[in-house]
Structure formats: structure tokens, C-alpha cells
Amino acid sequence: MTMQADIDDPQDDPKRPSVLRQGGWAADLANHLSLHREPDAVRMLIKLTTERRLPRSHGLRNAIVDACGADVMDRLAQACAKFECPYCQDGVVTCERCEGEGRADDGSWCRACLTLGNIACAFCGGSGLATYDFFPLGIQGSVIHTRTLLTIDQLLDVLESPLPSPTPANAASLVGALMARTKQLSRIRSVLRNSLEAARGEVDHHPEDRGILAKLALRSWRALCRTELELARALNALADAFSSTASPPIAGGGGDRKSIEERDAILNEEACRMEASASDMIRRLKPHG
Ligand SMILES: [Zn+2]
Ligand SMILES: [Zn+2]
């Protein structure tokens with residue numbers, strides 16, 4: 001009876017590395033990672049836990065470390081952290097309301113997508129990455145941690161390059177550069193928002209990691225403030241760039257000018273909202289230092 005029970009469901013016991021090593025999965029997993037087939041490694045992990053050849057929650061990390069070593073575990077967490085959302089590319093999808101045009105058939109600007117033609121993917125919240133619950137519970141904490149730190153690094157990279165500003169030479173490329181920056185910052189913002197929520201939720205599953213998770217939530221919070229402030233700057237700059245690169249109003253018309261002002265207002269409004277959100281977050285941060 002005991003034997004049968006073990007065969008049916010032996011994997012929840014982290015003290016059984018010999019059973020866990022059966023089938024050569026450890027070598028396959030390490031192989032995928034060393035050959036830079038990260039998505040294959042992630043799919044393999046999901047399969048192993050779904051088939052219950054590895055525990056889904058408690059003991060999963062230890063089982064992988066025991067069988068493959070800490071280095072493979074770290075690389076697997078990185079692979080999971082970067083695993084893309086299956087429903088979008090870089091966190092955005094074409095805006096359905098304006099079909100990606102940024103304005104409706106009657107010429108009015110689309111507020112749903114801030115005139116930009118795409119909106120955040122509803123599935124991943126705009127992060128462009130698989131949601132945390134896609135991964136087995138036993139590894140979610142590592143994925144949250146790794147993804148947050150990677151994203152903070154990406155934010156620092158963005159902040160290191162100055163906000164593109166208009167020069168006679170870059171008139172043609174300025175809008176594109178600002179659009180790219182806006183998109184990048186929006187994606188970073190979504191990842192950090194998800195991380196913050198996930199780090200707080202994770203405390204329920206791992207009260208013993210409360211200290212680490214609180215520190216992670218605080219870092220996400222701070223990075224989120226910086227992201228929103230920079231995103232507000234990028235949106236304001238984008239509005240200015242649209243205005244200055246728009247064709248001059250047709251004589252006697254003036255409709256173009258009105259249209260430019262409307263677009264300006266939509267982008268500036270969003271920038272104000274972002275600044276207000278960041279200020280509010282900074283204010284709430286103060287008591288904690
Ligand atoms: Zn739209
Ligand atoms: Zn998505």
C-alpha cells in the first residue's frame with residue numbers, strides 16, 4: 001500500500017532525489033539551457049510538474065537544485081522570467097476601437113489607445129511576459145524576484161539614455177524614437193506593477209520570506225515611481241514632437257491645428273495622470289524611508 005502510494009504520487013517528497021533523477025530530465029533541462037533554448041527549458045519544467053514527475057509547489061526548487069545544481073536553477077528562473085506572453089508582442093495588441101489607426105473613421109482621435117494605435121495586452125497586463133501563475137507555485141517566488149531585478153536593470157538602461165529631444169537633424173526620427181521609449185517604459189511599468197502585486201501576494205504562501213519579499217516590493221515601488229515620471233516626460237515630449245512634425249495647416253482651414261491640439265491634450269492628460277500617480281506613490285513611500 002505504501003509502495004503503491006509512493007509510485008502514484010512520489011514527487012511531493014523532496015527527499016527523493018533518486019526518483020526525481022529518473023528519466024534523464026535533469027540532463028535534458030541543463031542541455032536546453034546551455035544551448036540557449038530557454039523556452040524549451042520552461043516548457044519542459046511545466047510538463048514535468050504537470051505530469052507530477054516534479055513537485056509543483058513545496059520542494060520544487062530543492063529538487064531541481066539537487067538534480068541539476070544551483071546554476072541551472074538560476075538559469076531556469078531567468079528563462080521563466082523572460083518567457084513571453086503567448087497573446088501579444090512586447091505587451092501590446094492592436095487597438096480594436098480604431099483598428100490601429102489612432103483615430104476613428106470620422107477623424108476624431110482614439111482615447112482608448114491615446115492615439116497611438118495599440119493598447120496593453122489584456123492577458124499579461126502589458127508586460128509582454130507570461131503571467132506568474134503560468135509557472136508552478138514552487139518556482140513563482142524565484143521568477144518574481146528574477147524578473148523584477150531584470151526589469152529594474154532595463155529601466156536603468158532606459159534612464160541612462162537621455163530623453164530624445166528635437167534637433168534639426170532628427171526631425172524625421174524623433175517621433176519614432178519617442179514612441180519606442182514610451183512603449184518600452186509602458187512595458188516596464190506593467191512588469192513592475194505585476195511584480196509589486198505578486199510580491200505582496202507571495203507573502204501569503206511564504207510568510208518565512210516576508211523580509212525578502214517586502215524588500216522586493218519596496219524596490220518595485222521605487223522603480224515604478226521613476227518609470228511613471230519618465231513615462232510622463234516621454235508622453236509630453238511625444239505630444240510636442242507630433243505638433244512640430246505635423247504638416248502646416250491648410251490655408252483657410254485650421255482643422256489640422258485643432259486636430260493637433262486635441263491629440264496634444266490627450267497625451268498631456270495621460271502624462272498628468274502618470275505624474276499624479278507617481279507623486280502619490282512617492283508620498284506613500286515617505287514614512288518607510
Ligand atoms: Zn485606438
Ligand atoms: Zn500579453
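Trainee: Among contacts in the chain between residues at least 6 apart in sequence, what percentage join residues at least 24 apart?

Mentor: The figure is 73%, where a contact means that two C-beta atoms, placed from the backbone, lie within 7 Å. Please keep in mind that this is a predicted model, in which local features need pLDDT of at least 70 and side-chain atom pairs count only at pLDDT 80 or more, while totals for chains, interfaces and linings use all residues. Residues are numbered from 1 along each chain as its sequence is written, and chains are lettered from A and ligands numbered from 1 in the order in which they are written.

Trainee: How many helices and strands are there in the chain?

Mentor: The chain has 10 helices and two strands. Along the sequence, the pattern reads α-α-α-α-α-α-β-β-α-α-α-α.

Trainee: Which residues make the contact of H3 with H4?

Mentor: On H3 they are Trp25, Asp28, Leu29, His32 and Leu33, and on H4 they are Glu38, Asp40, Ala41, Met44 and Leu48. By class, six are nonpolar, one is polar and three are charged. Here Ala, Val, Leu, Ile, Met, Phe, Trp, Tyr, Cys and Pro count as nonpolar, Asp, Glu, Lys and Arg as charged, and the others, Gly among them, as polar.

Trainee: What makes H4 and H6 roughly perpendicular?

Mentor: H4 and H6 (residues 70-82) pack at an angle of about 100 degrees, with axes 9 Å apart. This angle falls within the perpendicular range, and the two helices are therefore roughly perpendicular to each other.

Trainee: How do you know that Arginine 75 is buried?

Mentor: A residue is buried if 20 or more other C-beta atoms lie within 10 Å of its own, exposed if 12 or fewer, and partly exposed in between, with C-beta atoms placed from the backbone. Arginine 75 has 21 other C-beta atoms within 10 Å, so it is buried. This residue is found in helix H6. Of the 289 residues of the chain, 36% count as buried.

Trainee: Which residues of H3 are buried?

Mentor: Leu29, His32 and Leu33 are the buried residues of H3. They lie on the same side of H3 because they cover an arc of only 95 degrees around the axis, the arc being that of the directions from the helix axis to the C-beta atoms. The cover over these buried residues includes H4, H5 (60-68) and H6. Turned away from the buried side is a face of H3 with the exposed residues Ala27 and Ser34.

Methods:
Helices (H or I, at least four residues) and strands (E, at least two) are DSSP runs, numbered from the N terminus. Axes are lines fitted to C-alpha atoms, for helices over the stretch in contact, and angles run from 0 to 180 degrees between N-to-C directions. Angles under 35 degrees count as roughly parallel, over 145 as roughly antiparallel, 65 to 115 as roughly perpendicular and the rest as oblique.
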